[in-house]
Amino acid sequence: MQEMSNKEYIKSRLSTRALYEQLAEESAELCQAALKAIRVGYQENPTPVTPEQAGHALVEELFDVLIVADVLGLIPGAAPDDEPKIIRWAERLRAKEAAK
């Protein structure tokens, strides 16, 4: 029997609602990162964040959104199954299941 991929495992353990909740949470974090990038770019309301930090945070949050969208099947293949964030997510769910 073939072992389930990490993304398949995540999808099998979480409801569609829970995955959409995760997508909303990650999307909100993406919005915050985009707003911070705007602040950095315009300097009207200064922030200690550098343009490089703001850009890195924006890309990281965008990727988090893509990961959840991939698990939901909205953008299949957006993230590889061996992506460290996907591995950690699956490991957290496996640990929770093992603790039962």
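Buried means under 20% relative accessible area, exposed means over 50%, and partly exposed covers what lies in between (1.4 Å probe, protein chains only). The model here is a predicted one, in which local features need pLDDT of at least 70 and side-chain atom pairs count only at pLDDT 80 or more, while totals for chains, interfaces and linings use all residues. Residues are numbered from 1 along each chain as its sequence is written, and side-chain values use heavy atoms, with hydrogens and water left out.

Charged pairs come up to begin with. Side chains of opposite charge can pair when their charged atoms come close. Searching the whole structure for salt bridges (a side-chain nitrogen of Lys or Arg within 4 Å of a carboxyl oxygen of Asp or Glu) turns up 5 of them. One of these ties D70 to K7, with 2.8 Å from N to O. This pair links distant parts of the chain, since D70 sits in helix α3 (residues 51-72) and K7 in helix α1 (residues 6-13), 63 residues apart. Helices here are DSSP runs (H or I, at least four residues), just as strands are (E, at least two), and they are numbered from the N terminus. Both partners, D70 and K7, are buried.

Helix α3 also pairs up with helix α4. K85 and E60 form a salt bridge at 3.3 Å, N to O. Again distant parts of the chain are linked: K85 belongs to helix α4 (residues 84-98) and E60 to helix α3, 25 residues apart. K85 counts as partly exposed because its relative accessibility is 21%, and E60 is partly exposed too, at 34%.

K85 has another partner in D64, with a salt bridge of 2.5 Å, N to O. D64 lies in helix α3 and K85 in helix α4, 21 residues apart, so to speak another link between distant parts of the chain. With a relative accessible area of 11%, D64 is buried. Through shared partners, the salt bridges join E60, D64 and K85 into one network.

I75 is found in the loop between α3 and α4. At 37% relative accessibility, I75 is partly exposed.
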